[in-house]
Amino acid sequence: MIAYVKGKITGITDEAVLVEAHGVGYEVICPNPFQFQMEEGKEALVHTYHYVREDAQTLFGFKNTEDKFLFQKLLGVSGIGPKNALQILAGVNVEEFVAAIEREDDKFLTSFQGVGKKTARQMILDLKGKLVYMVSLTAIEASAGTQSNTAKKRIALEDAEDAMRALGYQEREIKAILPQLKKEDSDSADYLIKKGLALLSQKK
């Protein structure tokens, strides 16, 4: 099992970071590879999960151990594969996800692409009470109070991404500014589109 890779970030793609360690280049699939943008060209530590099946071996990477642990727990849920788990982690933080599970918030969980009601109920059944030690009770309560706003913002972000694609921007360009857009305190698609276009223009 490869627990982590420490080396130089030599490249970032839409799906992965490339890490060179001791002369070996590792392709590490991440929820949002552009989280490592500040480390590109520098040495960084990427927490990894070595996923093995009969026809393939894949290295998944994360910024911290909490995200890695949640990814592993999600893979243990019937109906959730690596692709679904990555999409969930790309759109939510640990506190928000744990709060949704504890509240049995089907609506929040089904807002993720590829997660239907049956899968959402299975996640709640398999994970409720098993993740709370990862975060403080205060964090869960605070996060629980903003579940609907989080879902609205994620939808607004998706709408903004679609609009920027329609305007001809490349996937790499859009994903590079997503971390900054996620920090914006707004769930308005129009606002996020304007902010996104402003950020994209600065990078030209």
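In this predicted model, the C-alpha centres of domain 1 and domain 3 are 25 Å apart. Seven residues from domain 1 and five residues from domain 3 make up the contact, where contact means heavy atoms within 4.5 Å. The bounds below come from an automatic or database domain assignment.

| Domain | Residues |
|---|---|
| domain 1 | 4-62 |
| domain 2 | 65-132 |
| domain 3 | 148-196 |

Residues are numbered from 1 along each chain as its sequence is written. Local features of the predicted model need pLDDT of at least 70 and side-chain atom pairs count only at pLDDT 80 or more, while totals for chains, interfaces and linings use all residues; side-chain values use heavy atoms, without hydrogens and water.

Between them, domain 1 and domain 3 bury about 590 Å², with 45% of it on carbon and sulfur atoms; buried area is the accessible area (1.4 Å probe) that two parts lose on being put together, summed over both. Asp14, Asn32 and Phe34 supply 73% of the area that domain 1 buries against domain 3, more than any other three residues.

Zero salt bridges are counted between domain 1 and domain 3 (a side-chain nitrogen of Lys or Arg within 4 Å of a carboxyl oxygen of Asp or Glu). Three residue pairs, both at pLDDT 80 or more, are in polar contact across this interface (a pair of N or O atoms within 3.5 Å; within protein, one must be able to donate a hydrogen and the other to accept it, and residues adjacent in sequence count only if both atoms are side-chain atoms).

The C-alpha atoms of the chain fill a box of roughly 45 × 45 × 35 Å, taken along the principal axes.
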